[in-house]
Structures are given as structure tokens and as C-alpha cells.
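Welcome, and do come in.

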2 protein chains.
Amino acid sequence: MSRTRFKSTNCPIARTLDRVGEWWTILILRDAFSGFTRFDEFEQSLGIAPNMLSKRLEGLCDAGLMEKRRYSARPPRYEYVLTERGRDFRPVLLALLAYGNRHFAPEGASVVVVDAATGAPAEPVIVDRHSGRLLSEPEFAVVAGPAATEKTRARLAARAERLSAKPLSGSQT
Amino acid sequence: MSRTRFKSTNCPIARTLDRVGEWWTILILRDAFSGFTRFDEFEQSLGIAPNMLSKRLEGLCDAGLMEKRRYSARPPRYEYVLTERGRDFRPVLLALLAYGNRHFAPEGASVVVVDAATGAPAEPVIVDRHSGRLLSEPEFAVVAGPAATEKTRARLAARAERLSAKPLSGSQT
């Protein structure tokens with residue numbers, strides 16, 4: 001039920017979550033970026049039940065992020081590979097990785113991004129491609145786009161008012 | 001059961017998903033960035049069942065992304081506000097937003113990021129903070145960090161081999 005509602009929503013975050021917004025799905029994508037392509041590789045890496053894995057892989061194929069390919073005719077065997085749309089999900093994974101390292105790795109980072117040529121550690125941040133500026137608040141705002149419905153416009157307008165009107169809270173704590 | 005496993009994993013993506021890897025949780029964060037703070041505001045915006053919302057808000061407070069604050073003593077009333085750790089989740093939301101706009105908005109973008117001063121549209125991309133270079137493959141790799149367990153090291157080493165050894169597949173398609 002949720003899937004249907006999310007798919008028809010006007011919000012790009014909700015639409016993306018509708019396709020990939022589930023633990024297993026995102027971890028399957030992570031493993032696909034690691035080079036895994038076969039059902040048993042994903043199964044072993046994730047310790048996921050086969051029926052669940054099957055369902056998630058199907059969902060990723062339906063959403064166009066992965067593609068099922070036959071790599072052997074006899075016996076017929078299939079592998080699952082990232083499509084271009086799937087590969088384009090990497091920034092989301094890197095943002096999650098950076099967040100996890102900052103907030104949930106008290107013992108230090110176990111997985112890091114490095115310059116492949118030099119091995120120098122990279123620090124993933126999100127910027128505006130054109131200006132190179134960090135997309136921080138309040139310099140960059142989220143606003144209604146050309147295809148926004150009336151409802152989305154109203155929500156985002158309310159947000160702007162709300163953010164400027166609401167006093168800093170928590171003084172009673 | 002999944003929660004336990006994910007929490008104890010060595011992977012920063014899985015650890016983050018353990019805290020926020022669920023549709024509702026991420027949409028609650030989205031709405032919190034919109035300035036919503038009160039239970040009924042989230043409830044109305046998301047059309048979520050109160051018991052579900054209550055559980056998700058509690059999870060976000062437990063994980064340190066939100067904080068429950070009393071804003072009225074009589075009657076006692078509470079609001080939920082983003083903590084610093086919660087605000088730091090914004091890059092993940094922006095990456096999801098950009099992805100949704102690129103892949104799941106055939107009618108055009110309904111929500112966009114703009115320079116708040118000029119209104120010029122921004123294009124969120126993920127780069128290395130130090131060099132400003134796009135974190136694209138194969139220039140930037142994901143490798144074992146200082147706190148990696150043996151298992152994580154093995155997985156990431158296998159990945160490197162696998163990626164260089166595996167021939168381009170799909171010629172049978």
C-alpha cells in the first residue's frame with residue numbers, strides 16, 4: 001500500500017525511496033558496486049533469505065537499476081548487473097557511507113573512499129556542480145520546481161514561512 | 001532481528017541504514033528539514049498511522065538524530081527537533097532528491113535545490129572536499145579503513161580482484 005502512495009507522490013525523495021528505500025535493497029546495490037553479480041554471491045554476502053533476495057532483485061530490475069542477464073545457456077544461469085541508472089545511485093551510497101563513518105563508527109572507519117591512484121583518503125561532501133559551493137543551509141534552499149503540484153507548492157511555501165517565523169525552541173528544556 | 005545484525009556490522013552504510021533505513025524514517029527527516037516539529041504536523045504531512053509515527057520518532061531520538069522537547073508545561077506538549085547529528089543527514093536527502101529528479105520525474109522536477117539568494121538552480125553532486133574532484137569510478141575507490149575487521153578486509157580485497165578479473169558480461173544477451 002505504501003508503495004502505491006509513494007510512487008504517485010510529487011516528491012523525488014519519496015519516489016526514490018519507493019524503489020530502493022529498504023535496507024536489503026540498498027545493501028544489494030552496495031554489493032553490486034563491489035562486483036557481485038550472482039544470486040549466491042549476494043545471498044552469502046548478505047545472509048538474506050533466498051525468497052527475499054529474489055523479490056528485491058526483481059524490484060531493482062523492475063525499477064531499471066539492475067538487469068538480469070543469462071551468462072550460460074546450458075545450464076541456464078543468470079547474473080544481475082547494475083544498469084546506468086543503477087550506477088548513478090553511487091552518490092547516495094557514498095553519502096550514507098560518509099554519514100555512517102562520522103556518526104556510527106566510534107572505533108574508527110572500517111570502510112573509506114580513497115583516490116585510487118594515490119590512496120589518499122577522500123572526504124565525500126555534496127556541492128553544487130556549477131559553483132562548487134557546499135550545499136549548506138541556509139545558503140541553499142529546497143523549493144518547488146516547475147512540475148510541483150499545488151499541494152507541493154503549498155507545503156514548501158508553508159515551510160519557508162515556518163522556518164522564518166518559528167522562534168528557536170528548546171529554551172524550556 | 002535484522003536490526004541487531006545490521007547494528008553489529010562493520011559497514012558504515014549498513015549501520016546508517018540500521019538507524020534510518022526505512023521509508024517513513026527518511027520522510028520524517030525530510031519533513032523535519034521542512035520545519036515541521038509537532039506530532040500532528042508529521043502525521044498530517046505523511047498520512048502515517050500514529051503508532052507507527054510514534055515508533056519512528058522514538059527511533060530517531062534513540063539514534064540521536066532528533067530530540068524530544070517540551071514546549072508547553074500546562075498542558076504538557078512536546079515537539080521533535082533535529083539535533084546536530086540529524087541536520088548532518090541533509091547530504092543524504094539531497095543525494096536522494098537529485099537521484100529522484102534525474103530518474104523518476106519524467107514530467108520534470110517538482111522539488112529543486114536553489115541558491116537561496118539568487119534562486120539559481122543548484123545541481124547536487126558528491127565530491128572530495130579537499131580536491132573538489134567528483135567521486136566517480138574508477139578514480140575513487142571504496143577500500144578497507146583502519147577499523148576494518150578481517151572479514152571486511154577480505155570482502156573488499158575480493159572486490160578489487162573481482163572487478164579487475166571479471167570480463168565484461170552480457171555478450172550473450
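**The two chains together**

Guide: Between them, chain B and chain A bury about 9,500 Å², with 58% of it on carbon and sulfur atoms. Buried area here is the accessible area (1.4 Å probe) that two parts lose on being put together, summed over both. This is a predicted model, where local features need pLDDT of at least 70, side-chain atom pairs count only at pLDDT 80 or more, and totals for chains, interfaces and linings use all residues. Residues are numbered from 1 along each chain as its sequence is written, chains are lettered from A and ligands numbered from 1 in the order in which they are written, and side-chain values use heavy atoms, with hydrogens and water left out.

Visitor: How many residues of chain B are in contact with chain A?

Guide: Contact means heavy atoms within 4.5 Å. On the chain A side, 107 residues take part, and on the chain B side the number is 106.

Visitor: How many salt bridges does the rule find across the interface of chain B and chain A?

Guide: The rule asks for a side-chain nitrogen of Lys or Arg within 4 Å of a carboxyl oxygen of Asp or Glu. One such pair is B:Glu137 with A:Arg90, at 4.0 Å from N to O. Across the interface, the number of salt bridges is twelve.

Visitor: Which helix of chain B gives the largest share of the side that touches chain A?

Guide: Helices are DSSP runs (H or I, at least four residues), as strands are (E, at least two), numbered from the N terminus. The largest share is 13 residues, and it comes from residues 90-103 of chain B, helix α7.

Visitor: In which sense do strand β4 of chain A and strand β4 of chain B pair?

Guide: Two strands pair if DSSP finds at least two bridges between them. Here, residues 124-128 of each chain are joined over five bridges, and A:Asp128 stands opposite B:Pro124. The sense is antiparallel.

Visitor: Where in chain A is confidence lowest?

Guide: pLDDT is the predictor's confidence in each residue, from 0 to 100, and chain A averages 86. Strand β4 of chain A has the highest confidence, at 97, while the lowest mean, 51, belongs to helix α1 (residues 2-7).
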